[in-house]
Amino acid sequence: MEAVLDDLAGNWLLYTAIPVVAALIGYVTKRVAIEMMFRPIEFIGVKGTVLGWQGVVPRHGGRMAATATDLLTKNVLDVVDVFARIDADRLAREIEQPLLRAVDDITREVLGEQHPGLWERLPPMARDLVVKHIQAGTPRLVRQVVDELRDGVADILDVRQMSVQRLTRDKKLLVKLIRETSRPEMAFIARSGIYFGFLLGIVQSIVWAMTKNPIVMPIFGAAIGLFTDWLAIKLIFVPRDPVRLPGGLLLHGMFQRRRAEVARQYGEMIAGELLTVDNVLDTLLHGPRSDRLRTMIRKLVAEAVDEQAENARPLVNATIGPQRLDRIKRSAAQKAIERLPDTLQYAKGYLSRAMNVADLVEQRMIRMTSTEYENLLRPAFRQDEWKLVAVGGLIGFLVGELQVLVMLH
């Protein structure tokens, strides 16, 4: 024992450096593990082999996107509730002027194309009267569209498909969604490597002084990397619910403790990046169920044209005829669908405020169970968690070998 104490006194600088180096090992292994989760976005290495790496999140983007979206649509976001917040009358007022211009253009284009002879023979005042008559019924048509869309939006808008497709196609967005909402947890993992590594380093220095066994350093280095990675990840999520120990110490998973903050941030990202007015409109018009919306608009436009024609049915039958009237209906509906995105651009501000996706997501997340809430982030770790821990152990082992060389020389 006296020899050990003499060695400690004579080489105190080296022994003091061991915990410092162990803390550095802990920090470096954590930073590497974190970056390996998210980078690189695309595979770098020899394709078709294990010689290379792609970030865990982008590599499993489809699975993670599906998992996150399932949770989002089943527990957080009900598209029916979102569309229920849209007031048809307010929407009609928001797009009144661009809508009237669109109706003016569509009316003149359709009648000019489908019955050019009749339309050209009408005096300008008569044409204007026809346009204004059709414009007068447009607000009611808008209300009908909104009401029918609100009632059947679950069948028309596939939020899951839209979200999975968007997140899978844009891997950077998926990485951003997970990384931004878990940034404090990532920082905690990195810091924990310093604390845990330093404490284990003290034990490491004592064991080295007593044994002088070269295997001590790499074994402890690997243990520091493995244990601290594993423990840091566990401390993020568990315990799911607060546990108060004797003495007043409260244990609660860091991610669980930050639920209110994460809910607000997650809601803002979903509203700003995923369930935006543009994305919803694009999915409604071009998504896998877009034919249902188009069918609904064609039906409502046809009914509106019939209603307009009914007031002058004998004249319409004599001058236009049923077949040409059907072509007018189809052409008017198609042009209305084509003009819809541009027309609704004027109501984007109102639609965003009305749907208020961020608030809806935040409130639903607050009410989720601890397990459901954990699954927002945990899928990013679970499948390849062992790889991240193993990398930490490997780096710790290699650094430990370097420590042996320094201690022996």
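Q: Is Arg 183 buried, partly exposed or exposed, and what is its relative accessible area?
A: In this predicted model, Arg 183 has a relative accessible area of 42%. Buried means under 20% and exposed means over 50%, with partly exposed in between, so Arg 183 counts as partly exposed.

Q: Which side chain does Arg 183 meet in a salt bridge?
A: A salt bridge is read from a side-chain nitrogen of Lys or Arg that lies within 4 Å of a carboxyl oxygen of Asp or Glu. Here the side chain of Arg 183 meets that of Glu 180, at 2.6 Å from N to O. Glu 180, at 27% relative accessibility, is partly exposed.

Q: How many salt bridges does the structure hold?
A: The structure holds 23 of them, and two further pairs can be read one after the other.

Q: Where do Arg 108 and Asp 104 lie, and how many residues apart are they?
A: Both residues belong to helix H7, which covers residues 96-114, and they are 4 residues apart, about one turn of the helix.

Q: What are the closest N and O atoms doing in the pair Glu 148 and Lys 299, and how many Å apart are they?
A: These atoms are 3.3 Å apart, and the two residues form a salt bridge. The pair links distant parts of the chain, since Glu 148 is in helix H10 (residues 138-156) while Lys 299 is in helix H18 (residues 290-310), and the two are 151 residues apart. Glu 148 is partly exposed at 31% relative accessibility, and Lys 299 is partly exposed at 37%.

Q: Which residues make the nonpolar surface patch?
A: To read such a patch, one looks for nonpolar side chains with over 30% relative accessible area, joined within 5 Å. In this structure Val 20, Phe 198, Leu 199, Ile 202, Ile 206 and Met 210 make a nonpolar surface patch of about 570 Å².

Q: Which helix gives the most to the nonpolar patch?
A: Helix H13, residues 183-211, gives the most, with 5 residues. Val 20 has its place in helix H2, which covers residues 12-38. With a relative accessible area of 48%, Val 20 is partly exposed, and because a patch residue needs over 30%, Val 20 passes that cut-off.

Notes
Residues numbered from 1 in each chain as written. Predicted model: local features only at pLDDT ≥ 70, side-chain atom pairs only at ≥ 80, totals over all residues. Heavy atoms only, no water. Patch = residues over 30% accessible without salt bridge, like charges linked within 9 Å, V, L, I, M, F, W, Y side chains within 5 Å. Areas by Shrake-Rupley, 256 points an atom, 1.4 Å probe, with all protein chains shown as cover. Buried < 20%, exposed > 50% of the residue type's maximum accessible area, 1.4 Å probe, protein only.
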